[in-house]
Amino acid sequence: MSAGNFDINELKRRMHGATQSLKHELGGLRTGRAAASMLEPVQVEAYGSHMPLNQLATVSVPEPRLLSVQVWDKSMVKAVEKAIIDSNLGLSPATEGQVLRLRIPELNQERRKELVKVAHKYAEAARVAVRHVRRDGLDILKKLEKSHEMSEDDQERLANDVQKATDSTISEIDQLLATKEKEILTV
C-alpha cells in the first residue's frame, strides 16, 4: 500500500457514516409533535431476527400528536407493541386489533432534559466512532512509513488530512446536536 493507495476518502466515508447514523438516532428523539420517523429506531423481534418496525407495519400521523401503527401480520401485533414499549421513547400503545395508537404526550421540562441527555449520549457515541476511524487511519499511515512504503513528509501530510476530516466531522456532529437540543427545548 503506497501513499497513492492510502484512501482518505474511505476514512471520510466511514466518518460520514457516523454522522448519518446520528441523524437517524436524533430523528427518533421526539419533540412534542408526532412524526413517523420517531419510530424508525424501533427494532422488533420478529420471525427469529430483529427487524425495523417499518418492515412490519405502516406508520402514519393522523393528528399532530398521534401516531398510528398498522401492523400487517396479526401474529406480530404483540411483538410490535413490546418493541415500542421497550424502545424508551416513552410511548404507550393503545391497541385495537392490528392498529396501535400512540399519543404523543406534551413534553414537560423533566422529559425535555432527559431527551437532551439522550441526544448528548448519541452525539458522544458518534464522536467516539469518528475518533476510532481517525486512529485507524493514523495507524495505517504509521505502518506505511515504518515499512518505507511512504515518506515521512507524505505521512505527515496525510495525517494532517485525517485530522482535518476528523475536525470537520466532529464539528458537524456538534452542529446536529445543537440543532436537536434547541428543537427539544423549544416549547
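Which residue in β6 is the bridge partner of L67? That would be L102, and this pair is a handy way into the fold. Before going on, note that this is a predicted model, where local features need pLDDT of at least 70, side-chain atom pairs count only at pLDDT 80 or more, and totals for chains, interfaces and linings use all residues. Residues are numbered from 1 along each chain as its sequence is written, and side-chain values use heavy atoms, with hydrogens and water left out.

Let's start with the sheet. Strands here are DSSP runs of E with at least two residues, helices are runs of H or I with at least four, and both are numbered from the N terminus. Two strands pair if DSSP finds at least two bridges between them. Four strands make an open sheet, ordered β3-β4-β6-β5, with antiparallel pairing. Its edges are β3 (57-63) and β5 (94-96), each of which pairs on one side only. From one strand to the next, the twist averages 25 degrees.

Inside that sheet, β4 and β6 are antiparallel over five bridges. On the other flank, three bridges tie β5 to β6 (residues 99-103), again antiparallel. β5 and β6 form a hairpin with two residues between them, and G97 in the turn has a positive phi of about 60 degrees. In a regular strand, side chains alternate between the two faces of the sheet.

There is another hairpin to look at, made of β1 and β2, also with two residues between the strands; there Y47 takes a positive phi near 50 degrees. Four bridges join β1 to β2 (residues 49-52) in antiparallel fashion, and V44 stands opposite M51.

Now for the helices. α2 lies across β4 (66-71), β5 and β6, and runs at about 15 degrees to β6. For angles like this, axes are lines fitted to C-alpha atoms (for helices, over the stretch in contact), and values run from 0 to 180 degrees between N-to-C directions. Angles under 35 degrees count as roughly parallel, over 145 as roughly antiparallel, 65 to 115 as roughly perpendicular, and the rest as oblique.

The axes of α1 and α3 come within 9 Å and cross at roughly 170 degrees, which means that α1 is roughly antiparallel to α3. Contact (heavy atoms within 4.5 Å) involves residues including L11, M15 and L22 of α1 and A119, Y122 and V130 of α3. By class, the α1 and α3 contact has 12 nonpolar, one polar and four charged residues. In this scheme Ala, Val, Leu, Ile, Met, Phe, Trp, Tyr, Cys and Pro are nonpolar, Asp, Glu, Lys and Arg are charged, and the others, Gly among them, are polar.

α3 also meets α4 (residues 152-185): their axes come within 10 Å and cross at roughly 175 degrees, so α3 is roughly antiparallel to α4. That contact has 16 nonpolar, five polar and nine charged residues.

Finally, the largest pocket holds about 510 Å³ of space. A pocket is an open set of points on a 1 Å grid over the protein atoms alone, where a 1.4 Å probe fits, with protein on both sides within 12 Å along at least five of seven lines; lining residues have an atom within 4 Å of a point. Grid points are joined across faces, edges and corners, and the volume is the space filled by probe spheres set on them. Of its 24 lining residues, P41, D86, S87, N88 and L89 are the closest to the centre. α3 gives the most to the lining, with six residues.
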